[in-house]
Amino acid sequence: TKNKDGIDSIITCNESEQREDDETIHAKHAKQLAEIEAEVKKQNLTSELLPLSTLISYYRSEGSDNFVSGCVYLKEVAGYTNYRRIRGDGNCYFRAFLYSICEACITGAVSSDRIKSLNAKIVQSLDEVCKFGYDRFALEMFHEELVDLFEVIVAPVEKSDVPRKLDEFHERMNEENSTSEYCTWFLRVVTASKLKSDPDRFLMFLDADDNASMMDIPTFCARQVEPMGKECGQCQVLALAEAMDIKVNVEYLDGRKVEKKLMRYEFGPDERDALVEVTLLYRPGHYDILYKA
């Protein structure tokens, strides 16, 4: 029969081994996260325009038949020809949203009157978010970056200068820790403010979101909307589209078997009232930009 001291020593030994195991697991997990983050940072924030056929080839190499058939539908039936890959760092929706809007304005896909209305909305957005308890001083720098970006976007240029302007815009949006990051975070605040403006309505969208169950809107915003790197669900997509008067079309390439077509969701005002219309591609946990010729 073991005495009490023997039992205590066994318990102490087991606890020590458990701590070592926990520390080893934590260290491995931290290493894996660091490797994933390093790999993600090798990606451009926003890629060059890519043919949709490259996505088809990728999924064929992976043996993902449902994704292949979804891509074929997008190309051969829906008429999409290209896409832009957005860095998969949890901020992809906001980057895709901003890039698409700016690109549409530069290329002349948006009327001058609607561009002016959008620019005015952006200028006024700081006053709007401050109504919901955000500190003006803390936000001014991020808001100014967005305002400055759109001042460049809305400045008229000759048609022959549009390619140069697009190149300059693309380069600016790929600078690390600069315009894209600042504007992305401010758009997160705009999104949170919209959610807080009508909490009872938006609360019902959270029920379908597993990681948002049992949250109220302020808690959801603090945990899932305001922090950088948090993925964007349908609730945030809807809120930002409505806040900015943007029609957002999303083609869902989620790996389900394609019967006749992919699921397509539309957010925000209809095209008659929207200031800009953009189309994005959703893949599990990720958004890219879609284009037609």
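One term before we set off: buried means under 20% relative accessible area, exposed over 50%, and partly exposed in between, using a 1.4 Å probe and protein chains only. You're looking at a predicted model, where local features need pLDDT of at least 70 and side-chain atom pairs count only at pLDDT 80 or more, while totals for chains, interfaces and linings use all residues. Residues are numbered from 1 along each chain as its sequence is written, and side-chain values use heavy atoms, with hydrogens and water left out.

**Stop one: charged pairs.** Select K131, which counts as exposed at 59% relative accessibility. Its salt-bridge partner is E128, 3.2 Å away from N to O; a salt bridge here is a side-chain nitrogen of Lys or Arg within 4 Å of a carboxyl oxygen of Asp or Glu. E128 is partly exposed at 40%. By that rule the count comes to 20 salt bridges.

Now pick D89 and R95, whose side chains meet at 2.7 Å, N to O. R95 is buried, at 1% relative accessibility, whereas D89 is partly exposed at 22%.

Next, select R201 and E242, another salt bridge, with the closest N and O atoms 2.7 Å apart. This one links distant parts of the chain: R201 sits in helix α9 (residues 199-206) and E242 in helix α11 (residues 234-244), 41 residues apart. Helices are DSSP runs of H or I with at least four residues, strands are runs of E with at least two, and both are numbered from the N terminus.

For a whole network of salt bridges, highlight K247, E251, R264, E266, E271 and E277.

**Stop two: the core.** Which residues touch the most other members of the largest nonpolar core? Select Y93, L118, V248 and V276, out of 67 residues in that core. A nonpolar core is a set of buried Ala, Val, Leu, Ile, Met, Phe, Trp, Tyr and Cys residues joined through side-chain atoms within 4.5 Å. Helix α4 (residues 92-107) gives the largest share, 12 residues. Apart from this core lies another, of 18 residues, including Y73, Y80, Y83 and L290.

Zoom in on V276. Leaving aside neighbours within four places in sequence, V276 is in contact (heavy atoms within 4.5 Å) with residues including I101, A104, L118 and D245.
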